[in-house]
Amino acid sequence: MTPFRILLGTLAVAVAGSAGAAEYGQFQADKSTLTFVSKQMGVPIDGRFRKFAVSVAFDPARPTAASARLDLDLASIDAGSKDADDEVVGKPWLHVKVFPTATFVSSAVRPLGGDKYELAGKLTIKGKSQDLTAPFTFRQDGGNGVFDGAFILKRLDFAVGDGVWSDVSTVANEVQIKFHIVAAPAAVRK
Amino acid sequence: MPETRYTHTAIALHWLMALLLIALFSLGLYMSDLPVSPQKLKLYSWHKWAGVSAFLLVLLRLAWRIGHRPPDLPAAMPGWQKTAAQGLHHLLYLLMIAIPLSGWLMSSAKGFQTVYFGIIPLPDLLQKNKELGELLELVHSSLNFTLAGLVVAHIAAALKHHLLDRDEVLARMLPFLTRNR
């Protein structure tokens with residue numbers, strides 16, 4: 001994850017210039033979750049990713065200056081059952097041998113009023129990039145910043161589940177993604 | 001004169017369930033060894049929908065059975081055979097109830113909710129639990145093979161009555177078959 005670290009460093013420097021006191025920038029992997037709900041034959045199936053890294057810089061006083069990046073280890077997927085896990089890493093689905101990581105890089109954060117915000121950026125899965133916007137909420141909890149959001153991803157936009165699986169009557173095109181990201185305040189630079 | 005035949009409703013329910021259970025059993029055997037594919041997901045769902053239907057039908061059958069006394073068994077039948085016949089019928093009903101329940105619970109334990117016809121979600125009575133899911137899979141298949149064995153005994157007994165005893169036991173369940181005595 002070297003590019004990720006460089007980016008994190010860049011962000012830290014960029015934000016330090018603004019001298020925001022309450023900036024959240026240290027990703028807490030053990031407190032954060034990335035879950036999803038897919039639908040098979042009308043049956044909702046819960047899934048999640050076990051391994052992902054987030055670099056975030058968010059100051060509630062200056063939300064438009066915020067940025068975020070996600071690096072997602074696709075092989076860490078739990079798709080709900082062993083059969084599904086074995087299947088979904090394969091070529092028709094995520095093809096993790098060739099595309100091990102999915103990324104999201106933010107381009108803008110827009111306040112929507114209250115604790116609501118909108119995140120925009122580019123999501124890349126399986127070598128295909130798509131613009132994405134997702135609403136999220138921010139709250140402070142025990143000194144940490146907590147970001148909760150959800151959006152619908154259309155798997156076929158990324159050729160996830162192509163060939164015989166592109167029939168969306170079996171596995172729905174829409175996958176609901178939910179993120180719960182916890183970040184501690186960024187280290188204060190002197 | 002006492003009734004010598006089951007009611008039309010009981011006969012219709014019996015044969016409808018016979019067909020449904022044979023289809024469910026065959027589908028269950030076939031689908032479980034398939035590699036993962038859209039077809040497999042469809043077959044599993046169809047199996048579950050048919051299983052829920054079978055469960056509803058057996059409840060309807062039981063309600064009808066309680067309200068409508070079946071025709072008496074032939075007077076010439078030895079007492080032990082009557083007891084055996086009654087016991088077998090009780091076991092068949094018990095399994096026809098237990099099997100769909102075990103399938104439903106297995107599905108929940110494996111983390112797949114049952115959604116009847118893809119529209120009506122059935123509640124998950126069990127939390128997702130891998131070990132319990134595997135245990136219930138064993139229970140579901142064991143109960144099924146037990147039922148299959150009992151059905152074979154049930155058919156063999158019906159044929160024995162018809163072909164060897166030459167009595168009206170099988171005809172009671174067949175609207176077009178008459179046994180003139």
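The model is predicted: local features need pLDDT of at least 70, side-chain atom pairs count only at pLDDT 80 or more, and totals for chains, interfaces and linings use all residues. Residues are numbered from 1 along each chain as its sequence is written, and chains are lettered from A and ligands numbered from 1 in the order in which they are written.

**Select chain A.** Two helices and 11 strands make up its secondary structure. Helices (H or I, at least four residues) and strands (E, at least two) are DSSP runs, numbered from the N terminus. The order from the N terminus is α-β-β-β-β-β-β-α-β-β-β-β-β. Of its 190 residues, 33% are buried (20 or more other C-beta atoms within 10 Å of the residue's own, with C-beta atoms placed from the backbone).

**Go to the contact with chain B.** Chain A gives 14 residues and chain B gives 13; two residues are in contact if their C-beta atoms, placed from the backbone, lie within 7 Å. On the chain A side, select strand E3 (43-49) and helix H2 (82-88): each supplies at least two residues. E3(A) has the largest share, three residues.

**Select residues 38-67 of chain B.** This is helix H2, with 30 residues. At 1.5 Å a residue, times one less than the number of residues, H2(B) should span 44 Å, and its end C-alpha atoms are 44 Å apart, which agrees. Now pick out its buried residues, among them B:Leu41, B:Tyr44, B:His47 and B:Val58. Their cover includes strand E2 (33-40) of chain A, plus helix H1 (8-32) and helix H3 (79-109) of chain B.

Methods: Buried ≥ 20, exposed ≤ 12 C-beta atoms within 10 Å, placed from the backbone.
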